[in-house]
2 protein chains.
Amino acid sequence: MSSSPEKLNVHERVRRQHASELAQDYVEAIYIALEEGRNLRVADLQEIFGVSHVTVIRTLRRIEEQGLLANAKSGELALSPEGRKLAKLSADRHDLLVRFFRALGVSEAQADADAEGAEHHLSEETLGAIRRFLEKS
Amino acid sequence: MSSSPEKLNVHERVRRQHASELAQDYVEAIYIALEEGRNLRVADLQEIFGVSHVTVIRTLRRIEEQGLLANAKSGELALSPEGRKLAKLSADRHDLLVRFFRALGVSEAQADADAEGAEHHLSEETLGAIRRFLEKS
DNA sequence: AACCCTTTGTAGCACAGGCTACATGTCGAA
DNA sequence: TTCGACATGTAGCCTGTGCTACAAAGGGTT
């Protein structure tokens, strides 16, 4: 996880990004649900991600080991401070990209789908450029 | 590969994209080298992707099984027509994204790196919007 | 109490994509 | 021609992320 920059080549960087995508997507989903006052369970995540409940359980265990979950009342999911921070970052990036694609004329649904795929692969530099672009337009 | 649209949910679509990324990256690398008159070998790909030569060999075998490689003289890599088509598509998308990020004010190196990560995750709709944006500016 | 449904959990498998260690092949120089 | 270097290939392992099949736990209905 999150260790040093180390000068990776381009492809190594992309691999690194992939490795943390799932965790981000999970905490993001949990975060959004909590924001909306809903309480996610395994079955919900199964639905959201289109995988079996078994896969959800195991992935949750992994992100718990990464310290992103807080142990809430049994059956309920809660985020640790780091989890919440990561989720907020992800959600903000996602929103930014959706607004950006919308500004370029992309439909709502497609903007959302593409943001989901692309949000893990843009540097702070590029995100900054996108923010500036949105401010100007 | 490339089978039916089937109405995947957002995350299923992203997973699908990941599954074809490596193949695209490999044929793209081979394609570009051939364009420039160089002849890639395993050792070059190992360098480019930052993995061991064993990983390169196995990945090549897989993309060969997918019909993307043509059997060239031993020790040399060549693309099948489908491989070439896929490579060209990838390379074009990559270039488009680099130009786009550059137009937004992103540095050359970062534009290239981010394009590498993002190029597999944008829909035709969004790519079209980007093309239109670049024409206007 | 017995039953069913839903939810969650466990066992165990497959495949992709990493790796190291070892084996072979080829080629230029001594 | 033998040796050493480099390229390529094989064997076998690990982890992540998917799956199905089965097990257990809980709640509602009859």
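**View 1. Helix α1 of chain A, from end to end.** With 26 residues, α1(A) reaches 35 Å from its first C-alpha to its last, close to the 38 Å expected at 1.5 Å a residue. Here the expected span is 1.5 Å times one less than the number of residues in the helix. Helices (H or I, at least four residues) and strands (E, at least two) are DSSP runs, numbered from the N terminus. Before you look further, note that this is a predicted model, in which local features need pLDDT of at least 70 and side-chain atom pairs count only at pLDDT 80 or more, while totals for chains, interfaces and linings use all residues. Residues are numbered from 1 along each chain as its sequence is written, chains are lettered from A and ligands numbered from 1 in the order in which they are written, and side-chain values use heavy atoms, with hydrogens and water left out.

View 2. Follow the helix to S20(A), where α1(A) bends by about 35°. That bend is the angle between axes fitted to the seven residues ending at a residue and the seven starting there. At the N-terminal end, N9(A) caps α1(A), with a side-chain oxygen 2.7 Å from the backbone nitrogen of H11(A). Just after α1(A) comes G37(A), with a positive phi of about 80°.

View 3. Chain A holds six helices and two strands. Read from the N terminus, its elements follow the order α-α-α-β-β-α-α-α. Along the principal axes, the C-alpha atoms of chain A fill a box of roughly 45 × 35 × 25 Å.

**View 4. Helix α1 of chain B.** Residues 10-35 of chain B form helix α1, whose 26 residues reach 35 Å from first C-alpha to last, close to the 38 Å expected at 1.5 Å a residue. At S20(B), α1(B) bends by about 35°. A side-chain oxygen of N9(B) comes to within 2.7 Å of the backbone nitrogen of H11(B) at the start of this helix. Just after α1(B), G37(B) has a positive phi of about 80°.

**View 5. Where chains A and B meet.** In this view, 35 residues of chain A are in contact with 35 residues of chain B, contact being heavy atoms within 4.5 Å. The area buried between the two chains is about 2900 Å², and carbon and sulfur atoms give 58% of that. Buried area is the accessible area (1.4 Å probe) that two parts lose on being put together, summed over both.

**View 6. Salt bridges between the chains.** Two salt bridges cross the interface of chain A and chain B; the rule asks for a side-chain nitrogen of Lys or Arg within 4 Å of a carboxyl oxygen of Asp or Glu. In one, the side chains of D114(B) and R13(A) meet at 2.9 Å, N to O. D114(A) also forms a salt bridge with R13(B), the closest N and O atoms being 2.8 Å apart. D114(A) lies in helix α5 of chain A and R13(B) in helix α1 of chain B, so this pair joins two chains.

Conventions. A polar contact is a pair of N or O atoms within 3.5 Å; within protein, one must be able to donate a hydrogen and the other to accept it, and residues adjacent in sequence count only if both atoms are side-chain atoms.
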